[in-house]
Amino acid sequence: MEGHYDFKRIEEKWQKYWESRNQHKVTLTADKPKYYVLEMFPYPSGALHMGHIRNYSIGDVVARFKTMKGYNVLHPMGWDAFGMPAENAAIKHGTHPAQWTAANIANMRRQQQQLGTSYDWDREVTTCLPDYYRWTQWLFLLFYHRGLAYRRKAAVNWCPSCQTVLANEQVINGNCWRCDTQVGKKELEQWFLRITDYADRLLKDWELLQGWPDSVKTMQENWIGRSEGAEVIFPIKDREEKITVFTTRHDTLYGVTFMVLAPEHPLVMDLVRGTEREETVRDFVQKAISRRAETRNGEEPGKEGIFLGAYAVNPINGEEISIWVSDYVLMEYGTGAVMGVPAHDTRDFAFTEKYGIPKRIVVIPEKDAPVPEQLTEAYAADGFLVNSGPFNGLPVEEAQEAIADYLEEKGIGRRAVSYKLRDWLVSRQRYWGVPIPIVYCDQCGAVPVPEDQLPVLLPENVVFKPGTVSPLAQVEEFVHTTCPRCGGPARRETDTMDTFICSSWYYFRYTDARNAEAPFGKEAVDYWMPVDQYIGGIEHAVLHLLYSRFFTKVLYDVGLIDCQEPFTNLLTQGMVIKDGAKMSKSKGNVVTPEEIFTKYGADTARLFILFASPPERDLDWSDQGVEGAWRFLNRVWRLVNNNADYIKTAAGGKEALSQADTDLRRQLHETIKKVTEDIEERFNFNTAISAIMELVNGIYRYQDKLEIGEQNPQIVREALEKTVLLLAPFAPHLMEELWHVLGHEDSVHQQEWPAYDPEALVQEETKIVIQVNGKLRERLQVPVGIAQAELEEKVLSLERIRALTAGKEIVKVINVPGKLINIVVK
RNA sequence: GCCGAAGUGGUGGAACUGGUAGACGCGCUGGACUCAAAAUCCAGUGGAGUUCAAACUCCGUGUGGGUUCGACUCCCACCUUCGGCACCA
């Protein structure tokens, strides 16, 4: 036998075998418990990288394990196939996005098959094909008819490099999430989805998501940014209009000494129109707006302001306060107007310091303490009210209730909630996306394309030129159409949809991927959904994962599905890094799946990736670590092959087990227990694999220590077969091979997952650790059932313990049965 | 600034509910096999010290305190790294 196994031959052989048996095809089987495991589908960029390999290896272990556990497992794969890179490639190389994408898909699918993944390819979903995007359009119209999709003119994020707008979630630190270019603002009429309607439900359904990491929940919570407070209505002196502000600190209403409007606030120019301030204010506002467009997030903002010459009246005490405009107030949040309480808000404090506005303290930390003359910084913490009329002496929390009641009673305000979350901007000025199924008619306005006219096909004859806006707008045959309502001439919407819409519902489509009558059938979706285990990168914490939750809730409300959350359990895998940094071409630390497949095969790649670290953590790529995984697989291969004949020929009657037999058998069943728990409860594949390694070492040691005649072939056989079964989800090809080497004719992946035998775990003796004052001093082998009093006596009579306790008082003896005895002496 | 995660040998990482710190792998050292090497198999491997040896002692999980018979694990304060949010009233 040669030194190592022929992975190429073995992996190809069994991939063909599985395919020929249709082994990974899954159908709705109502009497079997289902399990839906899903890895985030990839963008077809051209080739898989190690992050993909990690993602799919984790998913495949879960899928194969659950299959062996008797579940009807849905494990599909598909392509998030619309998006910018295809269009950029078209501009650069002249290939059509459709062809470029199809070629990439073909290559990546080949690599996934090479990895040995157990996908049901009959359910493959490709978002750029009409049989899929037809239903994306259908869903868009469903949102539209429910008032959840609407068009509005707004200042939106604009990426000059991608030549398109972006949703707020897609702007990362002021830069485009895809190309990292700095994002600016543009005033455009665009389509939005009303995700803000679902803000509260997105926040409240956490109890359905016990299986999600806290980090992701916190990130979504911060993003939604719910604040409870009040709106207060301030009349303007000598004018009809009123200004409403949102505040979370209505308890400090008596401390208001000024008011600030956002530069975009409509009242700003109204207040100065016709006064000598008009020009200066207009200048200021324009500069503030353009400055904000240029300011990167993270830069220290200026808090520039200017007085408008007008006064508002504090409704709670009738005081007149100056009205200002400043860039530190945002039009998009709350009401775009803020009451200034410098003594209790750091931003207001800084503003008054700059412009010499007075401060008034209305909260002090200790009840009835003297009110300080001066403040060096704003006091934003808890305390008791002062200078607040009838509310003096109340603690902050009670004062908020009392003042809110008072505002509502007098009709000068009300309790209110405000969110940071904005509606989802979904228009994109690009070609390679789903056409928005809307037609504009001079007579009828915006008209939805009727369902029976779907899909609105993406035209193929498009000219790609760098820097052109909205390529679809240049395709005359596409743009010019007739109005579905009045039959008159009309123009099609030429923007396409954000690709995050495509990925917000693909997991539903998998349950019924070839349905031509509907996005999915009710029976299929109710059987398979929700996804039991979702696996992917944390970078989607507030993008894809938030959008998908939103979609699911809408579809639930419509009655299309029965689940309110799409993903019951979420595993966010860590990055694959090398030499302390994320793999990247510019750093020159890239290892490609292709080279590992060629040198070691897929099983080694999988085993290394799963062994090197637990899935949520970053994984440090190590060539020597890969070598170790390769060596281990060969060690198993050798062990099985060397014993195959021996255990077949020597299958005799059951004899009494020797001590070595019992010990090996105990180790085997302890390993089964541990591996099962590690996979099932914690996804700790690394410790599961290490336990199997120890077992393999144990079998080697058993055979090394005993002459052939002293060994028990039945025990060896049991150990080898179960080792192969335990390793099957991790190294599916080699274990299939070895399963057959052991004389079986069916697939190892269709076997039952081994159960441990509790009787094999029973020990006659156990090791007790003995401590004196908490320090390990001795170990003692004792029978399992030993009486505790007898054990203590035995321990105290040990020579070494007597020496250590001689002349000292034994204060007490701690006895952890079966484990440890600690003698406390003084 | 706020929120979250993490800091353990030369190294990737174990230690699950407070109970033998360092499993398993890598690397390194020694041995077997070989003409030799590769491959493989076996053994050793946290640091310092005592010892012919068997053994034993002390130190040791980012830092400083605390709780406890006993702390990588719990509490308080701090340091460092990574990630998210960032004028959100």
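This is a predicted model: local features need pLDDT of at least 70, side-chain atom pairs count only at pLDDT 80 or more; totals for chains, interfaces and linings use all residues.

Opposite charges are a handy place to start, since side chains of opposite charge can pair when their charged atoms come close. Here the count of salt bridges comes to 47.

- Aspartate 532 and lysine 34 meet through their side chains in a salt bridge, with 2.8 Å from N to O.
- Lysine 34 belongs to strand 1 (residues 34-39) and aspartate 532 to strand 26 (residues 531-537), so this pair ties together parts that sit 498 residues apart in sequence.
- Aspartate 532 has a relative accessible area of 18%, which means it falls under the 20% cut-off and is buried.
- Lysine 34 is buried as well, with a relative accessible area of 17%.

**Other salt bridges to look up**

- Arginine 249 forms a salt bridge with aspartate 251, at 2.9 Å from N to O, and both of these residues are buried.
- Lysine 722 and glutamate 718 are joined by a salt bridge too, at 3.2 Å from N to O.
- Both lie in helix 22 (residues 713-727), with lysine 722 and glutamate 718 being 4 residues apart, or about one turn of the helix.
- Glutamate 718 counts as buried, at 16% relative accessibility.
- Then there's a network: Asp205, Arg549, Lys553 and Glu565 are joined into one by salt bridges that share partners.

**A hairpin**

- Strand 13 (residues 305-313) pairs with strand 14 (residues 320-326) in the antiparallel sense, over 6 bridges.
- Glycine 305 stands opposite serine 326 in strand 14.
- The hairpin of strand 13 and strand 14 has 6 residues between the strands, and glycine 318 takes a positive phi there, near 75°.

- Look next for an open sheet of 4 strands, in the order 22-21-24-23, with antiparallel pairing.
- Its edge strands are strand 22 (445-448) and strand 23 (480-482), each of which pairs on one side only.
- On average, neighbouring strands of this sheet are turned by 45° against each other, direction ignored.
- Strand 21 (residues 438-441) and strand 22 run antiparallel and are joined by 4 bridges, with valine 439 standing opposite valine 447 in strand 22.
- Helix 5 (residues 130-145) packs on the sheet and touches strand 21 and strand 22. The direction of helix 5 makes about 125° with that of strand 22.

Definitions and conventions: Residues are numbered from 1 along each chain as its sequence is written. Chains are lettered from A and ligands numbered from 1 in the order in which they are written. Side-chain values use heavy atoms; hydrogens and water are left out. A salt bridge is a side-chain nitrogen of Lys or Arg within 4 Å of a carboxyl oxygen of Asp or Glu. Helices (H or I, at least four residues) and strands (E, at least two) are DSSP runs, numbered from the N terminus. Buried means under 20% relative accessible area, exposed over 50%, partly exposed in between (1.4 Å probe, protein chains only). Two strands pair if DSSP finds at least two bridges between them. Axes are lines fitted to C-alpha atoms, for helices over the stretch in contact, and angles run from 0 to 180 degrees between N-to-C directions. Contact means heavy atoms within 4.5 Å.
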